[in-house]
Amino acid sequence: MNKHTVFVWAWLGFLLSAPAGALDRGADGEFGQRSSAHFELYQDVAIDRAGGIHGTRQFEQQVLAELERGYDQLDAYLGLRPGRKIEVVIYDPDVFDQQFAGAFRFSAAGFYHGVIRIRGATTLDVGLSRVLHHELVHAALDAAAPSYVLPAWLNEGFAEWFEARTQGKRHLDGYELAMLSSAKSNGALFSLASLSTPSFGHLNQAAAHLAYLQSYGMVEFLGNQRGERSLREFCDRLMRTRNLARSIQHVFRADLETLEARFVAELG
């Protein structure tokens, strides 16, 4: 998967005015529907032409199974368990591009804005799995605290960390660490204060790449302070209290500025 598609998923929602739950017209003006315990899946019937009706039904079952797997992992890793069904819409690729191309600056595989919206596919591969898991975090955070606007570094950091963790990736890889270290050496790292806007939509592609990676790195760093389970405790406390400073202090025994300084120092 082109990693740059990740960078627009959350902030795109802030640019869209369609009400949550509203379905746009598919290529044939119709969506098929399939449900599972925690999800309502809508798929543009035009995708049948690419996958065939039987292949499409199998694909829908696979997508719902993957979403349910992510739902269980959300609770295990972050203590999030949305009580309402989450809507997921899979569009014909051309329809997705036509409807949303003007809303963002990068090519996107999907985004969340009240509904998880996915650019069409007919097979469940690693790339689609990552998209689903990433957007699932945004949906779950929104369900847990719908009126609370998380700073973008934390919202995206949680999503990036969970996306990687559910694919078996436990740490930043060498390339990612080198990129952050280079940005530090060049004085290009962002302050967390500058990454605390509601979204990263104002950033260009290069800056967004770094902002998402730095956010992921910061969340991973927090998880390393007192063990991975501390992220679950932190997320649970934050969703209940909606007080970031106190939640950080309570769980990680330091204020955010101190933790940020430690994170930057560890980059070498």
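These legends accompany a set of close-up views of one predicted model.

**View 1. The chain as a whole.** Let us start with the overall picture before zooming in. The chain contains eleven helices and five strands. Of its 268 residues, 52% are buried. If we take the contacts between residues at least 6 apart in sequence, 73% of them join residues at least 24 apart.

**View 2. The surroundings of leucine 78.** Which residues does leucine 78 touch, once those up to four places away in sequence are not counted? Its partners include Val137, Phe158, Trp161, Phe162, Leu231 and Cys235. Leucine 78 also touches Gln73, Arg232 and Asp236.

**View 3. Helix 6, a covered helix.** Helix 6 runs over residues 152–165 and has 14 residues. From its first C-alpha to its last it reaches 19 Å, close to the 20 Å expected at 1.5 Å a residue. Is this helix mostly covered or mostly exposed? It is mostly covered, with 14 of its 14 residues buried.

View 4. The side chains of arginine 130 and glutamate 163 meet here, at 2.7 Å from N to O. Arginine 130 belongs to helix 5 (residues 126–144) and glutamate 163 to helix 6, so the pair ties together parts that are 33 residues apart in sequence. Arginine 130 counts as buried, at 18% relative accessibility. Glutamate 163 is also buried, and its relative accessibility is 0%.

View 5. Where does threonine 166 sit? Its place is in the loop between helix 6 and helix 7 (174–185). Threonine 166 counts as buried, with a relative accessibility of 8%. Leaving aside neighbours within four places in sequence, its contacts are Arg69, Gln73, Tyr77 and His133.

View 6. Glutamate 66 and arginine 69 meet through their side chains, at 2.6 Å from N to O. These two residues are three apart in helix 3 (residues 53–78), which means that about one helical turn separates them. An α-helix has 3.6 residues a turn, so residues three or four places apart point the same way. Glutamate 66 is buried, at 11% relative accessibility, whereas arginine 69 is partly exposed, at 32%.

View 7. Arginine 240 is exposed, with 55% relative accessibility, while aspartate 236 is partly exposed, at 34%.

**View 8. A network of charged side chains.** Asp75, Arg81 and Arg232 are linked here in a network of salt bridges. For the model, the count of salt bridges comes to twelve.

**View 9. Helix 8 against helix 11.** The axes of helix 8 and helix 11 (residues 256–266) come within 10 Å and cross at roughly 105°. The two helices are therefore roughly perpendicular to each other. From helix 8, the residues that meet helix 11 are Gln214, Gly217, Met218, Phe221, Leu222 and Gln225. Their counterparts in helix 11 are Leu256, Leu259, Glu260, Arg262, Phe263 and Glu266.

**View 10. Helix 8 against helix 10.** Here the axes are 10 Å apart, and helix 8 packs on helix 10 (residues 244–252) at an angle of about 40°. That angle makes helix 8 oblique to helix 10. Leu222, Gln225 and Arg226 of helix 8 make the contact with Ile248, Val251 and Phe252 of helix 10.

Conventions:
Residues are numbered from 1 along each chain as its sequence is written. This is a predicted model: local features need pLDDT of at least 70, side-chain atom pairs count only at pLDDT 80 or more; totals for chains, interfaces and linings use all residues. Side-chain values use heavy atoms; hydrogens and water are left out. Helices (H or I, at least four residues) and strands (E, at least two) are DSSP runs, numbered from the N terminus. The expected span of a helix is 1.5 Å times one less than its number of residues. Buried means under 20% relative accessible area, exposed over 50%, partly exposed in between (1.4 Å probe, protein chains only). Contact means heavy atoms within 4.5 Å. A salt bridge is a side-chain nitrogen of Lys or Arg within 4 Å of a carboxyl oxygen of Asp or Glu. Axes are lines fitted to C-alpha atoms, for helices over the stretch in contact, and angles run from 0 to 180 degrees between N-to-C directions. Angles under 35 degrees count as roughly parallel, over 145 as roughly antiparallel, 65 to 115 as roughly perpendicular and the rest as oblique.
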